Amino acid sequence: MEIHTRSKSSLFLTEMIISVLFFSIAAACCIQIFVRAHFVSQNSENLNYAQNLASGMAESMMASDGEYSEIRQYFPTADINGNTITVYYDKHWSACEKENAIYILRTTFEQAPDTLSGRILVSGPLKSPDAKGEVIFTLPFRQHISRSMTKEH
């Protein structure tokens with residue numbers, strides 16, 4: 001009579017394949033979590049910079065008392081064109097020229113005799129210098145300008 005015993009090495013190999021498959025799936029899930037965490041961190045950093053720059057522009061607008069040439073004192077690279085002020089930023093959020101811009105801070109405003117109001121938009125990242133980019137942060141502002149604050153021309 002013959003007795004056949006199965007080789008224990010085939011069972012071990014099956015267990016090893018299942019273990020490797022399980023750890024491969026777990027590693028893929030962990031990599032996805034780390035990638036998402038990186039994007040969330042990057043978006044949070046961009047939002048933080050955008051909020052700081054927008055509030056800085058709003059404070060500058062309030063401090064200028066309607067004299068927009070004074071904005072250059074706070075934002076030397078600002079492009080002032082009528083009722084629009086545009087400042088360009090590179091990938092490190094440093095002020096730059098339009099050709100190197102990744103982010104844009106654009107302020108549009110209206111000045112009535114006793115009120116200054118407008119909206120500050122920070123957008124990016126830009127794919128090209130003429131692209132609009134996604135809006136990261138919006139800040140509306142309104143300031144009452146008293147008669148003593150208005151400057152005589």
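In this model, T107 touches M57, M61, N83, T84, I85, R119, I120 and F141, leaving aside residues up to four places away in sequence, where a contact means heavy atoms within 4.5 Å. The model is predicted, so local features need pLDDT of at least 70 and side-chain atom pairs count only at pLDDT 80 or more, while totals for chains, interfaces and linings use all residues. Residues are numbered from 1 along each chain as its sequence is written, and side-chain values use heavy atoms, with hydrogens and water left out.

**Setting of T107**
- T107 lies in strand β4 (residues 103–111), strands being DSSP runs of E with at least two residues and helices runs of H or I with at least four, numbered from the N terminus.
- T107 counts as buried because its relative accessibility is 0%, the term buried meaning under 20% relative accessible area with a 1.4 Å probe and protein chains only.

**Confidence**
- The protein chain has an average pLDDT of 86, and 87% of the residues score at least 70, pLDDT being the predictor's confidence in each residue from 0 to 100.
- Among the elements of the protein chain, strand β2 (residues 84–89) has the highest mean pLDDT (93) and helix α2 (residues 71–74) the lowest (85).
- Over residues 149–153 pLDDT stays under 50, and the model has 8 contacts for them beyond four places in sequence.

Methods
Buried < 20%, exposed > 50% of the residue type's maximum accessible area, 1.4 Å probe, protein only.
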